[in-house]
Amino acid sequence: MKLKENLENYVFVLPAVTIFFVFYIIPFIWVFQLGLFEWDGISFTKVFVGLQNFKEIFLQDKNWWQSVRNAGYITLIALTLQNILAFMLAWACDRQIRMKNFYRMIFFIPPVLSEVVVGMVWRFIINDIEGANVINRALVQLGFSNLAHNWLSDLKTALTTVAVVHCWKGFGWGFLIFLAGLQTIPRELYEAARIDGANSWQAFKKITVPLMVPVIVLVAILTVLGTMQVFALITSLVGGEFAGHTSVPVLRIFYSMLRSSRFGYACAQGVTFGMMLIIISFIQYRFSKKDQPR
Amino acid sequence: MFFRYVLLGIFVLFSALGCSGQKVVSKPSVTIWHWMTDRDAAFQELAKKYETLTGVKVNFELYAPSDAYAQKIRAAAQGTNLPDVFGILGEKRDFAAFIKADHILDLTPYMEVNNAAWKNSFFPKALAVNEFTVGNSYGISSGVYGVPVDILTIQMVYNKKLFSQLGLDPNQPPKTLDEFLQIGPKIQAAGLQGLVSGWGEVWMIDCLANDYAFNIMGKDKVLATIKGEIAYTDPDWIKVFTVFKQMQESGILAKGLVTMINKSAEQLFANEKAVFAFNGSWCVNVYQGMNPSLEYAAMLPPQVSDKYPMSIWGGAGSSFMVNARSKNKDEAVKFLIWLTDQDQQAYLSKATNNLPANKNSLAKIPEVLAQFARGMDYATHPNVWGVSEFSTVIEAFDRGIQSIVIGEKTPGEVAAEVQEIKDRELAKKRVK
Amino acid sequence: MFKPFYYKSKKIILNSLIHIFLISVAITCIYPLLWMVVASLKTQDTIFKDISLIPHQFHLENYLLAWKAGGFGGHFLNSVIYTVAVVFAIVIISSLAAYAFSRLRFKGSKLLFMMFMAAMMIPIPGSFVALYMLLNKLHLRDTPIGYILCMVNVGLSVSIFLFKTFFDKMPQELEDAARIDGCSKFGIWWHVALPLAKPVLAVVVVFNALNVWNEYILALIIFDSRRYMPLQVALQAFQGEFVTNYPLLMAGLTITALPIIVVYLLMQKYIVKGVASQEVFG
């Protein structure tokens, strides 16, 4: 009886686990161990070099760490600008206001578009030399002509512009998740607080924020994971790595694969990248658990 | 209940899709994977023609962009699933690696047949890119392993109308760098853009830098540097880097040059917003499509020194290789022979405004294209030098120049950085 | 006497500010799309001269041109087939697994779930080459099934996570009632869990439809011929050729972006409905 029941349970997870094992675990192991080899991706022979690739990444590859810094910068902007905006929007939509459904619908449209579409359209809108140059035109009209810039071609602003466009594309996800979280907070708590004489700000601080912490952490982790992996947006917005200023880890990995024909090294970079992401996610998770009453 | 029928339907769909059995091919066919978006239509025409002539079906399949194409080829090579004919978008050492892995058919026997009839129909420089010479540093036995389907040169072009506007003689393009730089302030004053080029794609920077390197120090010293005998901190190399600094300071370069993709640069030149462009001969076709009334001419990059000749990159534009494991090798080779025959080359040249690889295809080509063709005398190409620079050094080199152009680093700094990476690579004792 | 007035006007001001905020964000969301569509209706010469949002002439033929030039026809159908197949498969497979992780007890349950979560966090850039080799060995490479299976795997972790989070919060009473009525475990999953999970289901559908519809590099690499290629591959080739022919480019982009927006609009009312209903979350 027990055995039959157990077997039945396993059937539930069997398809998922099978597909997972075949299409994730196996490629993962292959890529993982490939980081220990020097291979050009073409020949049928590989040279075992042990940890040399990793040594090179950590000690010598300045371009790699620059790309990590760039991705980190974009992620930082995403964590702050994007998520604060998403939270504010979710909070605004949580209240009893009209046109709630309309807003909910609209805000999720940017994430639905592919990175390529977003990059191409924004490139068209922002670019001053061969685009419509809308932002600069608007600034001039409003009287801020000294703020007009080559947003995408000026090295100082290129990365930030990419980060802002990424926020535009990404805030819809945070919005959705925050909204779902806000809606699970029972209204009675707010009622009780109001009866006790608390104003909205105090209610927000004492009720909303503590209850939303797990959701905030979830969104933070998802933001970091998603943003660090950005690359198609960069290719369509600025065309390339722009002397390293808009370089990101995934682009560096593709470079190693194709241009320098060092597939083993690319895999080592990929493994390093994955490890970094896991450590960051873990730290975020731990950090949240610290404050939570158990 | 309804849902169950839907599930059943999905299963049926799955199985139907999954059962893509092997198609039984009765007559021989040749499958060619290519990346040339502008030539797909012309290729399809030729394929149809070939089929009516010989009954052999030729499938041209376009996969773009070229980076994705290169990935696809490499993956296919790993799985030994390469098509009958394909191209390798990579460096000579990648080419060598493919040959060593037995992916590429040695075409030398076909070339040498009939007193080297096929071989001699090509411009020698076009073939050189696909050839491995005796005693090359890649360890490949000498021979021809690829077929050029067109040739190209990469030079500068200038807008004749804008020249007149600026008060310059439209028939006298600048011949020296000083003349060139002096035009910078005029362009700025007129509110135009100067030189446009796809320098977001770093290889174009590499190309121009190498042109100046050959001009300043001569071919031998450049090759010696690659071999590691001379450092990049040598004064001649600093001169090369300084050329870019001078260009940037004089205002002759367009705004945002370092983020431009080549297509954007082509658009700017075609729309007469830019006075100069650094582009390859394929641009003739592009400009014609964007602005048929454009008046422009080709010129060599204005030289710095007259001790050595100015050199440009030229040679085979696109080349095809034959899969050594293909079941249709002979048919593939036969098709390539037909494709590079003078009539087909003339057709391709006319239809796509690219220079023919066959030297007998003296079809009526536009004057601008002829100017590009004349540049072949000055042409060279990294794939014929016999040595390759380390890719990390090339990357640092190109990125360094990008930094100079945006005013971030000085020539001296870049030279030191590049040499540092070169020393590191040499220390690893990797001999290419 | 003052107080109600004070509170009422404060409320009105606050509400208007909120509305202004929301509307401005909504405008920035729609604006680029509007630009995209409007640009696609102009021609290359007028596109920069005429910067108004309403073009003087509607050049609808751009869409036909883009459709033909990009060869979108068959690829569109392919993308639809892949998206539908993958979404169906993932919904079934991941909800089954999530239900098991949430409600059923068996050895290794926690470990397996941890593995799925870890997979969510460790991307494998360049995995398409590994998948290529793998599919090759399985003789599934140049087949739609191989591609579909790969894409199912891509969305598996997140979908399982979403479903499990939902199932965890599901009230036990409904399941107990079903069990008392003699429902098997599968029956509970099918008749109770899944129908209740409609909002999460909608999110899973949209999320995976997104991924499959916008994917191109894996398809480009593992398929041998254009026959099976999805829409994005055709778009890439199209965009490489027409990247500065903005009207055509925008028309092409609109063609590829529109279906997924439609799917989202259809699904979003389920997401909204579920999110708004308090009964499930209690």
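Colleague: What percentage of the 294 residues in chain A is buried?
Modeller: Buried residues make up 46% of chain A. Bear in mind that this is a predicted model.

Colleague: How confident was the predictor in the complex, in ipTM and pTM?
Modeller: The complex has an ipTM of 0.80 and a pTM of 0.84 from the predictor.

Colleague: Back to chain A. How many helices and strands does it have?
Modeller: Chain A has 13 helices and two strands. Its C-alpha atoms fill a box of roughly 75 × 75 × 30 Å along the principal axes.

Colleague: And what share of the contacts in chain A comes from residues 24 or more positions apart?
Modeller: Among contacts in chain A with a separation of 6 or more, 73% are between residues 24 or more positions apart.

Colleague: How many residues of chain A are in contact with chain C?
Modeller: On the chain A side there are 59 residues, in contact with 61 residues of chain C. Several helices of chain A each supply at least two residues there, including helix 3 (62-94), helix 8 (155-183) and helix 13 (263-291).

Colleague: Which helix of chain A gives the largest share?
Modeller: Helix 1 of chain A, with 18 residues.

Colleague: What classes do the residues on that side of chain A divide into?
Modeller: The side of chain A that touches chain C has 46 nonpolar, 10 polar and three charged residues.

Colleague: What about chain B against chain A, how many residues does the contact take from each?
Modeller: It takes 29 residues from chain B and 23 residues from chain A. On the chain B side, helix 3 (66-78), helix 4 (92-100), helix 11 (262-270) and helix 16 (391-405) each supply at least two residues. By class, that side of chain B has 10 nonpolar, 11 polar and eight charged residues.

Colleague: Where do the domains of chain B lie in its numbering?
Modeller: Domain 1 of chain B covers 30-150 + 317-370, and domain 2 of chain B covers 152-314 + 389-427. Taken over C-alpha atoms, the centres of these two domains of chain B are 29 Å apart. Their contact takes 11 residues from domain 1 of chain B and 10 residues from domain 2 of chain B. On the domain 1 side, those residues divide into four nonpolar, four polar and three charged.

Colleague: Take strand 1 of chain B. Is it mostly covered or mostly open, and how many residues are buried?
Modeller: Mostly covered: five of the six residues in strand 1 (residues 29-34) of chain B are buried.

Colleague: Which strand does strand 1 of chain B join by bridges?
Modeller: Strand 2 (residues 57-62) of chain B, through six bridges, and the two run parallel. Val30(B) stands opposite Val58(B) in strand 2 of chain B. With helix 2 (residues 40-54) of chain B, these two strands make a right-handed β-α-β unit.

Colleague: Why does Asp423(B) count as partly exposed?
Modeller: Because Asp423(B) has 13 C-beta neighbours inside 10 Å, and partly exposed lies between the limits of 12 or fewer for exposed and 20 or more for buried. Asp423(B) is in helix 17 (residues 411-427) of chain B. Its C-alpha atom is 9.5 Å from that of Val393(B), 30 residues apart along the chain.

Colleague: Last topic, chain C. What is its mean pLDDT?
Modeller: The mean for chain C is 81, and 89% of its residues reach 70 or more.

How values were computed. Residues numbered from 1 in each chain as written. Chains lettered and ligands numbered in written order. Predicted model: local features only at pLDDT ≥ 70, side-chain atom pairs only at ≥ 80, totals over all residues. Domains from an automatic or database assignment. Contact = placed C-beta atoms within 7 Å. Nonpolar A, V, L, I, M, F, W, Y, C, P; charged D, E, K, R; others polar. Helix = DSSP H or I, 4+ residues; strand = E, 2+ residues; numbered from the N terminus. Pairing = 2+ DSSP bridges. Right-handed = clockwise from strand over helix to strand, strands pointing away. pLDDT = per-residue confidence, 0-100.
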